[in-house]
Amino acid sequence: MKKIQKIVVLWPGRFRDHEYYKYELNFLNQTYKLEIHNLEINSILLPNSKQTFKNFKNEIKQKNFNIFTFRDFKNWKKKTNALLQNEKVFFISFLSLNFFSSYKYLKYLVENKQKILEFSNFGFPNYEKNSEKNIWLILQKIKSFISRPKWGLVTLENIFAQFLFKFILFQKINKKNFFILCVNKNEMSSTIKTTFNLVLGSSWDFSKKLISKKKFFKFKNYGLFLANPGPKEFSDSSKIGQKYFTDSETYFSSLHKFLSTVEKKYKTNIFIALHPKVLRKNQNKIYKRQTFYGKTEQLVKNAKFVISTTSTSISFPIIYNRPLHLIYSNDYNKDLRLKKMTFHLAEILKIKKFNIDKFLLPKKREFLKKINKNILKDYKENYLSNNYIKIPNYKIIKKLINE
């Protein structure tokens, strides 16, 4: 039987350079030929959300893989048909099961009995899974829909798309061919457990820690703020044409005041770790502090404390056991789902949350208090990595390919 020699990555939208490393494709590319398929996956309810693709020609020349862009399913199917006639392929899919436009691509692969790997290991709790389904929560969702209607439409599509996948595509899946890499099987629904071949792995941040040999950052006596991509950068809201929920000027004014107060009270400087999605790699003027791109893990390791919004980047302060605090603002009342996530996460970790528009800082000893070890252990096992997973994700993926 012919061995698998090529990996095809199905990517929704425009594949960017940092994703090549985040998802450990650089390691897989050492053993297998790699091909990236940029696919125009969009919400059908928001036709103006179509992304403008860009071919990274200069980057492709520096790496041993190809990127192809497909603006419709017909062209992709033609290319993939030709590919499958000549090579045995393993597909890694980053397509969401929440969009109708993903359906035809996955249906094609399932009906052609191809081996596919999906992921559910992004290292973050789903607050809705643990929330009571009460009238108050329903009213919150209605309010969020009214205040951010485009996100509300996306949510509606997600719900209907999930029914489509569950009642049509899931019936066609051969469990031997369709894998989902996850952290904790108990966190997966019964439908997912019975439909897919679940493989234990780690969150991408924890897997990176298993690979990383980088030393502590050269600076000492500093705090760290983990920045999110908005409101001055391209974000998920920008993609669907929804105005970002926080006002840019108000947010950065309040953030600067909060960080300055922290610096003064605890006599330490705060550095900014930029989000990997940002386009501008230097934002010192925006944050009025020294900013770093691509250095988050090293910065977290040696930080006295970490301040963050509700972001998967909190994996690093949890992995390295750094004091952690969450922030939000008055504008979060325009996105009640995100506010609920922030409060839920703070409750799980038993850490402090601060409204940057109105806050009172505790004494230094309390501010620098680390997360309880038992809470850290539970969080790691549920959302980052089970204790017996000691190998990075790319090695798990290579094992699946070779089976």
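In the predicted model, the side chains of lysine 377 and glutamate 381 form a salt bridge, with an N to O distance of 3.2 Å. Both residues belong to helix H18 (residues 373-384). They are four residues apart, about one turn of the helix. Lysine 377 is partly exposed, at 42% relative accessibility. Glutamate 381 is also partly exposed, at 21%; the cut-off for burial is under 20%. Elsewhere, salt bridges with shared partners connect Lys6, Lys33, Glu35, Lys79 and Glu87 in one network. The whole structure contains 11 salt bridges.

Glutamate 111 takes part in two of the contacts described here. It pairs with lysine 107, the closest N and O atoms lying 3.0 Å apart. Both residues sit in helix H5, four residues apart, about one turn of the helix. Glutamate 111 counts as partly exposed because its relative accessibility is 42%. Lysine 107 is partly exposed too, with a relative accessible area of 25%. Glutamate 111 also forms a salt bridge with lysine 172 (3.7 Å, N to O). This pair links distant parts of the chain, 61 residues apart. Lysine 172 lies in the loop between helix H8 (149-167) and strand S6 (178-182). Its relative accessible area is 41%, so lysine 172 is partly exposed.

Helix H5 spans residues 100-111. Buried residues in H5 include Ser101, Tyr103, Leu106 and Leu109. After the helix comes lysine 113, with a positive phi near 55°.

The largest nonpolar core holds 58 residues. Leu25, Ile36, Ile92 and Ile397 have the most contacts inside it. H5 supplies the largest share of this core, six residues. Isoleucine 397 touches Leu28, Phe90, Ile92, Leu117, Phe119, Leu181 and Trp204, leaving aside residues up to four places away in sequence. Another core, of 27 residues, lies apart from the largest one. Among its members are Ile319, Leu324, Ala346 and Ile371. In soluble globular proteins, nonpolar side chains tend to be buried together.

Threonine 250 lies in helix H12 (residues 248-266). It counts as partly exposed, at 38% relative accessibility. Its C-alpha atom is 9.2 Å from that of aspartate 331, 81 residues away along the chain.

Overall, the protein has 19 helices and 13 strands. Of its 403 residues, 52% are buried. Among contacts with a separation of 6 or more, 74% join residues 24 or more positions apart.

Terms used: Residues numbered from 1 in each chain as written. Predicted model: local features only at pLDDT ≥ 70, side-chain atom pairs only at ≥ 80, totals over all residues. Heavy atoms only, no water. Helix = DSSP H or I, 4+ residues; strand = E, 2+ residues; numbered from the N terminus. Buried < 20%, exposed > 50% of the residue type's maximum accessible area, 1.4 Å probe, protein only. Contact = heavy atoms within 4.5 Å. Expected span 1.5 Å × (residues − 1). Core = buried A, V, L, I, M, F, W, Y, C linked by side-chain atoms within 4.5 Å. Salt bridge = Lys/Arg side-chain N within 4 Å of Asp/Glu carboxyl O.
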